[in-house]
Amino acid sequence: MGTRKINANRIVVKVGTSSLIHPNGAINLETFDQLAYTLSALNNQGKELILVSSGAMGVGLNKMHLKQRPAEIGAQQALSAIGQSELMTLFTQRFDHYLTDIAQVLLTHDIFDYPKSNKFVMDTFNCLLKDNVVPVVNENDTVATDELDHRTTFGDNDQLSAIVASHMNADLLIVLSDIDGFYDQNPKKFTDAHLISEVSNVADDEFTVAGGSGSRFGTGGMHTKLLAAQRMLAEDRQMVLANGKDPQIIFDILAGKPVGTLFSKECVNHE
Ligand code: ADP
């Protein structure tokens, strides 16, 4: 298979809880470290990077020695607030090691809908990127319950990352998950599922084979990732869904190697 044509300078990377937290609830230190290493290396090369990270709840559960999330939304928000500061501590430590500055940006999905807040948010991102600082974005769970209360279909970090990519005019959105890409059926349920390497259109057929989350800590499952891909395709941006167990896969993605699933209008292999 040939290489893909990936031209990306401004890149949004979204990492899911399932990549940051082991199935036993412990912190996946390797992912934190390799993510910091990879993004720092790319930052040094002059790429503009925005990290959207889930995981506040998972880190909060770990910190409070809890096995499962509490039922009440308020208690979930409290746990998420505990986890968010711990999450940033973990990122700050690892990014510091690679001499890269980061900043916390907490957003709600609708923030871009209000012209004034939209401008403030964009100004903040632009200042950070100009200073080579990597913004680390998460949903502000204290004021937004979209991601926590997943009875609502709108709202989660997959779509938040697409909203950020869209407003910040990013060339590429990389979604790192606990799965190698988008399959023709849920691979956690069907052993004969096949990985789809390239997708140029996301329609009903794709949503039909997208199931929910496969891990204890994952949230949106494949459905919200497809919604993010749909938005990227509509705006002629690219998205790659790939396995986050080794974040250095981002180097392969940018080199055009056929890893994960590429969502792109121009889905042809370039030899
Ligand atoms: P994350 O925490 O990384 O966002 P999620 O658990 O929310 O991850 O979503 C990834 C999961 O989606 C996979 O582990 C898998 O179980 C599930 N899934 C459902 N349908 C599909 C599909 N067609 N292809 C790939 N994964 C799928």
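1. Let us start with a term: a salt bridge is a side-chain nitrogen of Lys or Arg within 4 Å of a carboxyl oxygen of Asp or Glu. Salt bridges link Lys14, Asp158 and Lys225 in a network. Please keep in mind that this is a predicted model, where local features need pLDDT of at least 70, side-chain atom pairs count only at pLDDT 80 or more, and totals for chains, interfaces and linings use all residues. Residues are numbered from 1 along each chain as its sequence is written, and side-chain values use heavy atoms, with hydrogens and water left out.

2. Now look at one link of that network. The closest N and O atoms of lysine 14 and aspartate 158 are 2.8 Å apart. (Helices, H or I with at least four residues, and strands, E with at least two, are DSSP runs numbered from the N terminus.) Lysine 14 and aspartate 158 are both buried; buried means under 20% relative accessible area, exposed over 50%, and partly exposed in between, with a 1.4 Å probe and protein chains only.

3. How many salt bridges does the rule give? The count comes to twelve. Glutamate 48 and arginine 10 form one with an N to O distance of 2.8 Å, linking strand S2 to strand S1 across 38 residues. Arginine 10 is buried at 16% relative accessible area, whereas glutamate 48, at 22%, counts as partly exposed.

4. Another salt bridge joins glutamate 266 and lysine 5, at 3.9 Å from N to O. Glutamate 266 belongs to the segment after S10 and lysine 5 to the segment before strand S1 (10–15), so parts 261 residues apart in sequence are tied together. Lysine 5 is partly exposed, with a relative accessible area of 45%.

5. Among the buried residues of H4 are Leu79, Gly83, Leu87, Phe91 and Phe95. Just after H4, leucine 99 takes a positive phi of about 60 degrees.

6. Next come the aromatic rings: five pairs are found in the whole structure. Rings of Phe, Tyr and Trp (its six-membered ring) pair if their centres lie within 6.5 Å; planes under 30 degrees apart count as stacked, over 60 as edge-to-face and the rest as tilted. Phenylalanine 32 and phenylalanine 91 have centres 4.8 Å apart and planes at 50 degrees, so this pair is tilted. Phenylalanine 32 lies in helix H2 and phenylalanine 91 in helix H4, 59 residues apart. Together with Phe95, Phe32 and Phe91 form one aromatic cluster.

7. Finally, the nonpolar core. Such a core is a set of buried Ala, Val, Leu, Ile, Met, Phe, Trp, Tyr and Cys residues joined through side-chain atoms within 4.5 Å. The largest has 39 residues, and those with the most contacts inside it are Leu107, Phe125, Leu173 and Phe263. Which helix gives the largest share of this core? That is H8, with six residues. Apart from this core lies another of 35 residues, including Ile6, Ile27, Val59 and Leu262.
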